[in-house]
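Reader: I have a structure to go through and I am new to this. Can we take it piece by piece?

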Amino acid sequence: MRVLRAITCSSMLLLSGVSHAAESVEVVHWWTSGGEAAALQVLKKDLEAKGIGWTDVPIAGGGGTEAMTILRARVTSGNPPTAVQMIGFDILDWAKEGALSNLDQVAAKEGWDKVIPGALQKFSKYEGHWIAAPVNVHSTNWVWINKEALDKAGGKEPTNWDELVALLDKFRAQGISPVAHGGQPWQDATMFEAVVLSLGTDFYKQAFIDLDPAALGGDKMKEAFDRMTKLRSYVDDNFSGRDWNLASAMVIENKAGLQFMGDWAKGEFLRANKVPGKDFVCMRFPGTQGAVTFNSDQFAMFKVSDSKVPAQLAMASAVENPTFQAAFNVVKGSVPARTDVPDTDFDACGKKGIKDLSEASANGRLFGSMAHGHANPAAVKNAIYDVVTRQFNGELSSEDAAAELVTAVAAAK
Ligand code: GAL
């Protein structure tokens, strides 16, 4: 009888998708910077309040490259974690391998289909089934500017390439590093995709979404690489290998003028008690206003023992809770993954992020981020990373880089 009751009880938990028992999740993620850890804490606390324990598996490395390598090793050795932070095509690749749990039960009960935008569902669903719970939407075509340095330079936000270059020259004249950058492939690629987007939304789509050889290897791509060479001249000598959050710190500490980075950078500014509009300015990369390149962090649940399923479903449910979505994203710098969360609690940058996202989506100007795995599977993404980084480091001319993009992408497809 007791056994029967236990079985009935656990299937009720399964059906309700909510666990009050001593369940726990082991979570692999790469949120190790100050701002990221603060946001993670919001999730951890939320789950704790629901009686779900948390085993933390942080794997440092912005963009998640290292986390994905370690995840692969764990799954291969038969030791998958319960939940993993994942982005874009990586989620679909794991789903294709049959490694992910099905979240349909909780998604149907909570009506996810109606509130999670189609652009995200493309990565949260595989063959019609929910396989991941999106926690946020980040976008990558942002610039984070030190307000004091901008004011000293005349206070005007640059609206095009020439104005950007003029501003960077003024930062240099102030004796600060014009651009705070970390020389890691994913950071180079993040800057590069904003440069490509600034040369036209059609161009971005042809190059990174359609992988059209004419766009990948054409004159516009050469121009994009020329712009990278120019930006390289504004980076300090110690940029190589620097973590993105240390680059953010240079802007925060008045050592650099600006950083080209996704809105997770805002998490660092907030963590340092900096206020948007007063201490720093957030703006879209000059020439990209109205367009958005996005990436969305999602939690995918791996197929582990049945006893873990209630905790997995409870975590997925907690992640999609509208109140949690507001609380988490305010700290993380991202915007909610649901369309029904009011922008009330968000600062000026967050409100702009929410508005830009919905307008770009309505106007057909919303694109998956190449640098953050939302344009192509990892093999193609890594092929592009390689060319972009070699060109940025002066190993390839613009012309050779454009030609190499075509061959590297063709080989990786
Ligand atoms: C992105 C991720 C963000 C942020 C960033 C830097 O790929 O979506 O949440 O963590 O990497 O680590």
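**Loops, rings and helices**

Author: We can start with E127, which lies in the loop between β4 (125-126) and β5 (129-130). Keep in mind that this is a predicted model.

Reader: Is E127 buried or exposed?

Author: E127 counts as exposed, at 67% relative accessibility.

Reader: And what is phi of E127 near?

Author: Phi of E127 is near 50°, a positive value in a residue other than glycine. For background, most residues other than glycine have a negative phi.

Reader: Where is N273, and what is its phi?

Author: N273 is in the loop between α15 and β11 (280-284). Its phi is positive, about 60°, although N273 is not a glycine. N273 counts as exposed, with 66% relative accessibility.

Reader: Switching to rings. How many aromatic pairs are there?

Author: The structure holds 17 aromatic pairs. One of them is W186 with W264: the ring centres are 6.3 Å apart and the planes are at 45°, so the pair is tilted.

Reader: Where do W186 and W264 lie?

Author: W186 lies in helix α10 (residues 185-198), and W264 is in the loop between β10 (256-260) and α15 (265-271). The pair therefore ties together parts that are 78 residues apart in sequence.

Reader: Are W186 and W264 buried or exposed?

Author: Both W186 and W264 are buried.

Reader: What about F324 and F328?

Author: F324 and F328 form a tilted aromatic pair, 5.5 Å centre to centre with 35° between the planes. They are four residues apart in helix α17 (residues 322-332), so about one helical turn separates them. F324 is buried, and F328 is buried too.

Reader: Which residues do ring pairs link into a cluster?

Author: Ring pairs link F192, Y204, F208, F225 and F367 into a cluster.

Reader: Which rings have a charged end sitting over them?

Author: Among them is the ring of W142, where the charged end of R284 sits 3.8 Å from the ring centre. Another is the ring of F392, with the charged end of R232 over it, 6.0 Å from the centre.

Reader: OK, helices. How do α19 and α20 cross?

Author: The axes of α19 (residues 378-392) and α20 (residues 398-412) come within 9 Å and cross at roughly 165°. The two helices are therefore roughly antiparallel to each other. α19 passes α20 in a right-handed crossing.

Reader: Which residues make the contact?

Author: On α19 they are A379, V380, A383, I384, V387, R390 and Q391. On α20 they are S398, A401, E404, L405, A408, V409 and A412.

Reader: At what angle do α13 and α20 pack?

Author: Helix α13 (residues 219-232) and α20 pack at an angle of about 125°, with their axes 8 Å apart. That makes α13 oblique to α20. The crossing of α13 and α20 is right-handed.

Reader: Which residues of α13 and α20 meet?

Author: M221, K222, F225, D226 and T229 in α13 meet S398, E399, A401, A402 and L405 in α20.

Reader: Where is G333 found?

Author: G333 is found in the loop between α17 and α18 (348-362). G333 counts as buried, at 4% relative accessibility.

Reader: What does G333 touch?

Author: Leaving out residues up to four places away in sequence, G333 touches H138, D263, K266 and G267. G333 and D263 are 70 residues apart along the chain, yet their C-alpha atoms are separated by 5.3 Å.

Reader: Last one: where is W31?

Author: W31 is in the loop between β1 (23-29) and α2 (34-49). W31 is buried, with a relative accessible area of 2%.

Reader: What is W31 in contact with?

Author: Setting aside its neighbours within four places in sequence, W31 is in contact with E36, A37, L40, Q85, V135, N136, D297, F299, F328 and K332. F328 is also in the tilted pair with F324.

Methods
Residues numbered from 1 in each chain as written. Predicted model: local features only at pLDDT ≥ 70, side-chain atom pairs only at ≥ 80, totals over all residues. Heavy atoms only, no water. Phe/Tyr/Trp six-rings, centres within 6.5 Å; stacked < 30°, edge-to-face > 60°. Buried < 20%, exposed > 50% of the residue type's maximum accessible area, 1.4 Å probe, protein only. Lys NZ or Arg CZ within 6 Å of the ring centre and 35° of its normal. Axes fitted to C-alpha atoms, helices over the stretch in contact; angles between N-to-C directions. Parallel < 35°, antiparallel > 145°, perpendicular 65-115°, else oblique. Left-handed = near helix turned anticlockwise from the far one by under 90°. Contact = heavy atoms within 4.5 Å.
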